[in-house]
Amino acid sequence: MNSRQSHINQIERWANFVRNNPTTWKKAHTQFINALFQKNEEVIQRILKTPHGKEKIIELYNIKNIEGYSWLK
Amino acid sequence: MIVIREISDRNILDQFCEEFCAIVERHCQYIIVSGFLAIASGRTRGTEDIDMIIERINLEQWKIIFNELDKRGFICMQTSSFEEAYDYLKDNTSIRFTRKDKPLPEMEIKFAKDILDKYQLDNRLKIKLTGLDVWFSSVNVNIAFKEELLKSQKDLEDARHLRIVFNEDLNEEEIKKIKLMIKRFRL
């Protein structure tokens with residue numbers, strides 16, 4: 001089995017778990033989603049401490065309304 | 001199917017989406033489309049933005065929404081002017097909002113632009129499995145868009161996930177009909 005087929009199989013296994021366990025899938029899912037954003041937040045804080053950190057964040061997220069984000073001023 | 005879920009189950013995307021939608025809901029019709037439906041239905045992948053389509057409203061209505069979003073801690077990434085933001089929407093260009101203290105997640109908003117968007121708004125629904133008090137475009141519509149128009153690996157995987165999770169609720173005739181509409185109006 002190639003890695004693509006293995007990935008599709010994994011997607012199908014998880015989708016079947018969600019379908020068959022409508023009250024229990026959410027806890028693990030929430031931990032997964034929150035972990036992505038928590039990691040992102042940690043990286044943003046680290047970038048802000050680097051030279052020109054604010055400019056990097058502004059460019060990364062294509063922020064035009066800089067005045068609206070007091071922490072970027 | 002009744003899904004009993006604790007508030008603490010809400011993840012960061014869920015909370016962001018519900019708070020944002022509750023504000024928009026008071027002033028116009030909206031739908032959440034595309035990737036967030038798959039994610040809110042259990043797909044385990046990341047996203048930076050949630051896509052929202054709203055009915056075409058006038059400048060005065062938009063001003064009320066824009067100001068209320070501002071009051072509730074949301075900021076437009078492109079501009080602090082509601083008029084300029086409205087110009088983007090009128091030109092069928094999306095505008096993006098985040099919380100004022102974070103660059104992520106984003107809500108990306110567009111005006112409904114054609115008969116397909118109108119169809120989605122007219123057939124919007126709340127989806128119990130998600131546990132969210134949010135209007136979505138239907139699962140059938142989302143599958144049709146992902147399989148017929150978007151077609152990236154990520155989109156096809158989203159469609160596969162939706163097909164399995166909502167298997168009993170799918171309407172293949174409607175999916176076919178929407179794919180034909182996509183061919184006619186978007187391709």
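## Basis

The model is predicted, so local features need pLDDT of at least 70 and side-chain atom pairs count only at pLDDT 80 or more, while totals for chains, interfaces and linings use all residues. Residues are numbered from 1 along each chain as its sequence is written, chains are lettered from A and ligands numbered from 1 in the order in which they are written, and side-chain values use heavy atoms, with hydrogens and water left out.

## Interface of chain A and chain B

With contact taken as heavy atoms within 4.5 Å, 31 residues of chain A touch 44 residues of chain B. The two chains bury about 3,300 Å² between them, and 61% of this lies on carbon and sulfur atoms. Buried area here is the accessible area (1.4 Å probe) that two parts lose on being put together, summed over both. On the chain A side, the residues that lose the most area to chain B are Arg19(A), Lys26(A) and Phe37(A), which together account for 19% of what that side buries.

Across this interface, 18 residue pairs are in polar contact, both residues being at pLDDT 80 or more. A polar contact is a pair of N or O atoms within 3.5 Å; within protein, one must be able to donate a hydrogen and the other to accept it, and residues adjacent in sequence count only if both atoms are side-chain atoms. Helix 1 (3-20) and helix 2 (25-48) of chain A are the elements that give two or more residues to the side of chain A that touches chain B. Helix 2 of chain A supplies the largest share, 12 residues. Helices (H or I, at least four residues) and strands (E, at least two) are DSSP runs, numbered from the N terminus. By residue class, that side of chain A has 15 nonpolar, 10 polar and 6 charged residues. Ala, Val, Leu, Ile, Met, Phe, Trp, Tyr, Cys and Pro count as nonpolar, Asp, Glu, Lys and Arg as charged, and the others, Gly among them, as polar.

## Salt bridges

The whole structure has 28 salt bridges over all chains, a salt bridge being a side-chain nitrogen of Lys or Arg within 4 Å of a carboxyl oxygen of Asp or Glu. Between chain A and chain B the count is 4. Arg4(A) pairs with Glu157(B), the closest N and O atoms being 2.8 Å apart. Both belong to a salt-bridge network that links Arg4(A), Arg43(B), Arg45(B), Lys146(B), Asp155(B), Glu157(B) and Asp158(B). Within it, Asp155(B) and Lys146(B) meet at 2.9 Å, N to O, and both are buried (under 20% relative accessible area; exposed is over 50%, partly exposed in between; 1.4 Å probe, protein chains only).

Arg99(B) and Glu19(B) also form a salt bridge, at 2.9 Å, N to O. This pair links distant parts of the chain, with Arg99(B) in strand 4 (residues 95-99) and Glu19(B) in helix 1 (residues 12-25) of chain B, 80 residues apart. Arg99(B) is partly exposed at 21% relative accessibility, as is Glu19(B) at 37%. Glu173(B) and Lys176(B) meet at 3.5 Å, N to O. Both lie in helix 8 (residues 172-185) of chain B, 3 residues apart, about one turn of the helix, and both are exposed.

## Cysteines

The structure contains 0 disulfides over all chains, a disulfide being a pair of cysteine sulfur atoms within 2.5 Å. The sulfur of Cys17(B) is 3.8 Å from the closest cysteine sulfur, in Cys21(B), which is too far for a bond. Cys28(B) is in no disulfide either, its nearest cysteine sulfur, that of Cys21(B), being 10 Å away. Cys17(B) is buried at 0% relative accessible area, and Cys28(B) is buried at 6%.
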